[in-house]
Structure formats: structure tokens, C-alpha cells
Amino acid sequence: MTRRSESCGLLQAKDPEPMQPLALSHMCIVSSVGFGQDATLAALKSGSSGLLPCHFETVTLPTWTGEIEALDNVRLPAEYAAFECRNNRLAEIALAQDGFADKVRAAIERYGAARIGLFVGTSTSGILQTEQAFRARDPEGGNLAAGFQYQQTHNTGSLAAFLSARLGIMGPAFVVSCACASSAKAFGNAARMIAAGICDAAIVGGADSLCLTTLYGFHSLNLNAPGPCRPFDLNRDGISIGEAAGFVLLEPKRSRDGDGGVHLLGVGESNDAHHMSSPHPEGVGARLAMERALGSAGLRPGDIDYINLHGTATRVGDIAEDTAVFNLFGDDPARGSTKGHTGHTLGAAGVVEAIISALAIRDNLLPGSPHTETIDPAFRGRYQITSDRAQVDRVLSNSFGFGGSNCSLVLGRPH
């Protein structure tokens, strides 16, 4: 059965049935603003940013990045040496935060290793490892070094394979790679797999690390900002690419609070297929994803206390999202983008900002927007420049990727 969406003029499935809330029992995060939940929350409160002028690898571009310099000094344990690459090292650091690996071991004891799924997102995976291998190839025959491991590094499946081995997970595992919506969509996959009875709990998240391909690729599209990104600013001029990783243990609603009693309440996905790299100018797919997320959560627009915008600071992206959000929500609630803190972490953005949303709920915080100074007067709604305290029970978090791949999550305290 289908109906025509009044807002989008598109044929879509009937309104989704409300999903069963899933507890974000435990979380871990690492980004350029710090390691762990406490450091991330402190940055949100203080308005500090992890963005600095780019000095990554051999890059000579006039742009800023959210680089995690400590990654250069990390190596995976010897038994996982085949997975050695920047992206998996980033995941390794994240697992060490907030006692997350220990919490997963406890979950394995509760459910069994085969009953825990693993659904993660990435876009870059271990591309840097291949870039370095090409640079070091044999000057005569052009052959790559004998030790180069494509399947365990560059391949997008590497992240799931490494995490499954590292955590001892034996349930279904796969990687979602659909640009900037990747790790948000992983939440949807996890929710469906748990609802179908294929697994009892899931590790959800993602990791994306800096590499030359993305930095020079976004530069070729004239999307890299020459300074720190300024989402929704009158003078915004592009993105700042960051790297980050985050993981969440998702379980059916529990009597214990876990990480502040925050649950995944709804997931909405769409694809407007408007253009390979530009969003629909009226935010058609974005609005559809938000509507579906609200329907999945059994909520109305007025039930949301804060909107975590995708907010990349591009000229066309921000205006399209503002249009979609205003047409659905109007002036309220408060909204903002946290990419001035972390940079745009691409395939990890969905989980990083889901965790930030969970921290905002747990601490009753409206996160601000570092580097944003003057809101573009064309925008409508209550954009949050500085952090503020308020009652925050439910957050809608947006992640929109190339090709019109859209995902919205609703997180909050259960009804």
C-alpha cells in the first residue's frame, strides 16, 4: 500500500509502525576534540574545537582538518597485524574508551557471541594504506609491496572483520558504505535485525580516517573551507574534514538505565537521487527521512527538543536542510550543527553525532556551533550558536550523504 506524500509529492510506503525502543546501553567515542564521553561533553559545553590548519601526511591544501595526531603512534596488537591501517587503529582507540570493550564482553556472556550482531559504517576505510602502498611500489615493475593487504585494510569490509575478531562477535556483521549517512544507517540495519530475531543485541557505529583521496577529492569539488567550517553562517565557505570513531551497544529496552536511559526511538531513511553530490534544493529527501523517523518513533514534530543538523557549512547543503527542517518543524525546536567541534567525519558522522545527541539528552544540553558567528538571514528557525542548558528529552539527528542518501535518527528517553 502506498500514499502520496503531501510534502514531497513522492510515492512512499504507508506510515511506518512505531519501532521497539532500543537502549544505548554503552557508548564509546574518539574524535579530534578528545577521547571518550567526558572529553567530548566537556568540548560541547566549552565550545572548544578540534579543527586546525591541515598538516596531514603530504597534503598541501589550504584547509583545516580534525586530525587525531595520536593515531600515528598507535599499532594494533600483534595478532591483528594483518588489519594494520589508520582506520582500524582509530577503531582500536575508540574501543578502549569508557570501558566499552569490557561491556561488550559482559554482553557476550548474557546473549552468546553468535547472538550479537555488528553493523558499522565507513566511507574511507583503509584507503590511506593503499595510497602509501602505491607511493612505495616497485619503481621498475610497478608492483605493490608483498606485504600489502587490500582485503584487511582498504576493503570496506575490513572494519567489520577487524571488530568481529577483536571483540569476539560471531553474529551477523557487515559494513554500510553510503558516504556521510553510513553509520546512521547502520542503526537502522541493527534495529531491523533485532526486530526480526536474527540477533538479540548489536554493536553499531563506524570509523572514518583521513586520507589523501577525500581531502583532494573534496578540494576538486571546491567544497573544502580555507578555514574552520562555519555551519549556517552568512559567510560559510565549505567543510572541514575530520576523523572519528564511535560505537554503541544496542539492546532491547532495559529496566536499568545504562548510559543515561537514552534509547533509539526511531529511524527514517530515504534517497531523493537528485544529484551525485548536491542535495535536492528543497530538501525533499531530507524531509522524508525526518518524517519517517518521527513516524517510526510514534512522535510528532512538537515532541522533539533539539535537532542535530547535518550542517556541513556548504552553501547549498545548509540552505536545503534549513528548508526541509523549517517546512516540517517551523521555528522550534532549537537546532544546530556540531561539525565546528569535530569537523565532518564522513562515514562516522552518524554515530558520532548520535552519541553527541545522547550526551545532550543525558546532560540536558543544547550544543552550540563553534566558529559560526553570523547566522545567514535566509535561514529560519532557532539556530544554537553557543551551548545552553534546557530540558532535552528527545533529539532528532540528521545525516545526509552524496547521492541523496538520507537518514534521520530519533534518540531520547522512552515514552
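Which radius of gyration would a compact globule of 415 residues have, and which does the protein have?

1. Overall size. A compact globule with 415 residues would have a radius of gyration near 22 Å; the protein has 20 Å, which agrees. The radius is taken over C-alpha atoms, and the globule rule is 2.2 Å times the number of residues to the power 0.38. The C-alpha trace spans about 60 × 50 × 45 Å along its principal axes.

2. Basis. This is a predicted model, in which local features need pLDDT of at least 70 and side-chain atom pairs count only at pLDDT 80 or more, while totals for chains, interfaces and linings use all residues. Residues are numbered from 1 along each chain as its sequence is written, and side-chain values use heavy atoms, with hydrogens and water left out.

3. Secondary structure and burial. The protein has 11 helices and 19 strands. These are DSSP runs numbered from the N terminus: helices are H or I with at least four residues, strands are E with at least two. Of the 415 residues, 60% count as buried. Buried means under 20% relative accessible area, exposed over 50%, and partly exposed in between (1.4 Å probe, protein chains only).

4. Contact range. Take the contacts between residues at least 6 apart in sequence: 79% of them join residues at least 24 apart. Contact means heavy atoms within 4.5 Å.

5. Helix packing. Helix H6 (residues 182–195) packs on helix H11 (residues 349–363) at about 75 degrees, with the axes 5 Å apart. H6 and H11 are therefore roughly perpendicular to each other. On H6 the contact uses Ser183, Ala184 and Phe187; on H11 it uses Ala349, Gly350, Val351 and Ala354. Five of these residues are nonpolar, two are polar and none is charged. For the classes, Ala, Val, Leu, Ile, Met, Phe, Trp, Tyr, Cys and Pro count as nonpolar, Asp, Glu, Lys and Arg as charged, and the others, Gly among them, as polar. Axes are lines fitted to C-alpha atoms, for helices over the stretch in contact, and angles run from 0 to 180 degrees between N-to-C directions. Under 35 degrees counts as roughly parallel, over 145 as roughly antiparallel, 65 to 115 as roughly perpendicular and the rest as oblique.

6. Salt bridges. The count comes to 22. The rule asks for a side-chain nitrogen of Lys or Arg within 4 Å of a carboxyl oxygen of Asp or Glu. One network links Glu67, Asp72, Arg86 and Glu243.

7. Asp72 and Arg86. Their side chains form a salt bridge at 3.0 Å, N to O. Asp72 sits in the loop between strand E6 (64–66) and helix H2 (86–95), Arg86 in helix H2, 14 residues apart. Asp72 is partly exposed at 41% relative accessible area, whereas Arg86 is buried at 4%.

8. Glu269 and Lys185. The closest N and O atoms of this salt bridge are 3.0 Å apart. Glu269 lies in strand E12 (residues 263–271) and Lys185 in helix H6, so the pair ties together parts 84 residues apart in sequence. Both residues are buried.

9. Helix H3. Arg105 and Asp102 form a salt bridge, with the closest N and O atoms 2.1 Å apart. They are three residues apart in helix H3 (residues 100–111), about one helical turn. Arg105 is partly exposed at 46%, as is Asp102 at 48%. Tyr111 is also in helix H3. Tyr111 is partly exposed, at 24%. Leaving aside residues up to four places away in sequence, Tyr111 touches Ile116, Asp200, Ala201, Glu251 and Pro252.
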